[in-house]
Amino acid sequence: MIRFLRSFVCFNFRTKFEKAYSGLSLDITINALQPMTAKSVTVSKITTHVLQEMKLKGEKISMLTGYDFSMARLLDKAGIDVILVGDSASNVMAGFSSTLPITLDHMIYHASSVVRAVHRALVVVDMPFGTYQGNWKEALSSAIRIMKESGADAVKLEGGVEIIESVERILSAGIPVMGHLGLTPQSIHKFGTYVVRATEEKEARKLVEDSRLLEKAGCFSIVLEKIPARLGEEVARNSKIPIIGIGAGKEVDGQVLVLHDMLGITMEFSPRFLRRYMNLSEDIVTAVQNYIVDVKTLDFPNDRERY
Ligand code: KIV
């Protein structure tokens, strides 16, 4: 019964998907059927304009973080719309306790690995802490380095009015910009806590104002992190660009999660908004324990596994 329901849902998803994109010449099945290494095959590509069309048509946008070639290849094959090379790489890839230590060189390294894997998804790269807050010239040269050296499609910056000049200058160089408001992890030392943001009227009004400013400046999308669902809904309803939520309720235009959290690789982080689709940490530990036992007991390699 569950299998039947699942195939029914998949069928409907595909029909709906194909319907939604007829006219945009997108076909998720192209990537799914491709040999994983066939980079030469021409496939449709998600652009900022496609995301805009999705908002207009009410098609929700799926976004996940990705930091390396192998995972990004799987995300793209699965048909994800946007891969965010998040500065959460600082936590999940490098083991730091915040996003602050990661550098521009590290982000370019992660982003270029992702870009080499991706055919279809839009690749957005976080500008790391300290590379855009100082002044617009530094912001512009950091964004240009990301685009030139990684081949990504867009950059993401945290903040509103405080960084608006940098956003405008980056946009004027022809680089698409995604905004990020609400619980902006690069400001964790200012917040002092990871609790939900903008519950007070003053902060909520500033967030609404910042989202208007970012949209007016020309950002193609905004991420809203860990804010009340009714505020997420208000911003999404009043903006023409796609609003992507992480802990911002379901009335926004799309959702993003950190890949390692949704796959259950990281287990120490369990905010209410996180849905775990796998418990990979347990599977990996079990697999490695089985391997250790096999090696120690001379079960591996066996006669068929040698030359
Ligand atoms: O770096 C990141 O993973 C992010 C998401 C939480 C949106 O910015």
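Predicted model: local features only at pLDDT ≥ 70, side-chain atom pairs only at ≥ 80, totals over all residues.

Biologist: Start with the overall picture. How many helices and strands are there in the chain?

Modeller: The chain holds 13 helices and 8 strands. Buried residues account for 37% of its 307 residues. Of the contacts with a separation of 6 or more, 60% join residues 24 or more positions apart.

Biologist: Now the helix pairs. Why are helix 4 and helix 6 called oblique to each other?

Modeller: Helix 4 covers residues 69–78 and helix 6 covers residues 104–117. They pack at an angle of about 40 degrees. Roughly parallel needs an angle under 35 degrees, and roughly perpendicular runs from 65 to 115. Helix 4 and helix 6 are therefore oblique. Their axes are 8 Å apart.

Biologist: What is the hand of the crossing where helix 4 passes helix 6?

Modeller: Helix 4 passes helix 6 in a right-handed crossing.

Biologist: Which residues of helix 4 and helix 6 meet?

Modeller: Helix 4 brings Phe 69, Ala 72, Arg 73 and Asp 76. Helix 6 answers with Ser 113, Val 114, Arg 116 and Ala 117. By class, this contact of helix 4 with helix 6 has 4 nonpolar, 1 polar and 3 charged residues.

Biologist: Helix 6 also packs on helix 7. At what angle do the axes of helix 6 and helix 7 cross?

Modeller: At roughly 35 degrees, and the axes come within 9 Å. Helix 7 spans residues 136–150. The crossing of helix 6 and helix 7 is right-handed.

Biologist: Which residues in helix 6 and helix 7 meet?

Modeller: From helix 6 come Leu 104, Met 107, Ile 108, Ala 111, Ser 112 and Val 115. From helix 7 come Ser 142, Arg 145, Ile 146, Glu 149 and Ser 150. The residues of the contact of helix 6 with helix 7 split into 6 nonpolar, 3 polar and 2 charged.

Biologist: Next, helix 10 and helix 11. What makes helix 10 roughly parallel to helix 11?

Modeller: The axes of helix 10, residues 201–217, and helix 11 cross at roughly 25 degrees. Angles under 35 degrees count as roughly parallel. That makes helix 10 roughly parallel to helix 11. The two axes come within 10 Å, and the crossing is right-handed.

Biologist: Which residues in helix 10 and helix 11 meet?

Modeller: Ala 204, Leu 207, Val 208 and Ser 211 in helix 10 face Leu 231, Glu 234 and Val 235 in helix 11. The contact of helix 10 with helix 11 divides into 5 nonpolar, 1 polar and 1 charged.

Biologist: On to single residues. Why is His 260 called buried?

Modeller: His 260 has 22 other C-beta atoms within 10 Å. Buried means 20 or more. So His 260 is buried. His 260 sits in helix 12, residues 259–262. Leaving out residues up to four places away in sequence, His 260 touches Val 92, Ile 265 and Thr 266.

Biologist: And Ile 284, buried or exposed?

Modeller: Ile 284 has 12 C-beta neighbours inside 10 Å. Exposed means 12 or fewer. So Ile 284 counts as exposed. Its place is in helix 13, residues 280–296. The C-alpha atoms of Ile 284 and Ile 265 are separated by 8.6 Å, with the two residues 19 apart along the chain.

Biologist: Lys 226 and Leu 298 have positive phi. What are the values for Lys 226 and Leu 298?

Modeller: Phi of Lys 226 is near 50 degrees. For Leu 298, phi is about 65 degrees.

Biologist: Which peptide bond is cis, with omega near -5 degrees?

Modeller: The bond from Phe 300 to Pro 301. Pro 301 is also in the segment after helix 13.

Biologist: Last, the ligand. Which residues are around the ligand?

Modeller: Thr 65, Leu 84, Gly 86, Asp 87, Ser 88, Asp 126, Val 223, Glu 225, Ile 246, Val 256 and Val 258. The shell around the ligand divides into 5 nonpolar, 3 polar and 3 charged residues.

Methods: Residues numbered from 1 in each chain as written. Axes fitted to C-alpha atoms, helices over the stretch in contact; angles between N-to-C directions. Helix = DSSP H or I, 4+ residues; strand = E, 2+ residues; numbered from the N terminus. Parallel < 35°, antiparallel > 145°, perpendicular 65-115°, else oblique. Left-handed = near helix turned anticlockwise from the far one by under 90°. Contact = placed C-beta atoms within 7 Å. Nonpolar A, V, L, I, M, F, W, Y, C, P; charged D, E, K, R; others polar. Near = placed C-beta within 6 Å.
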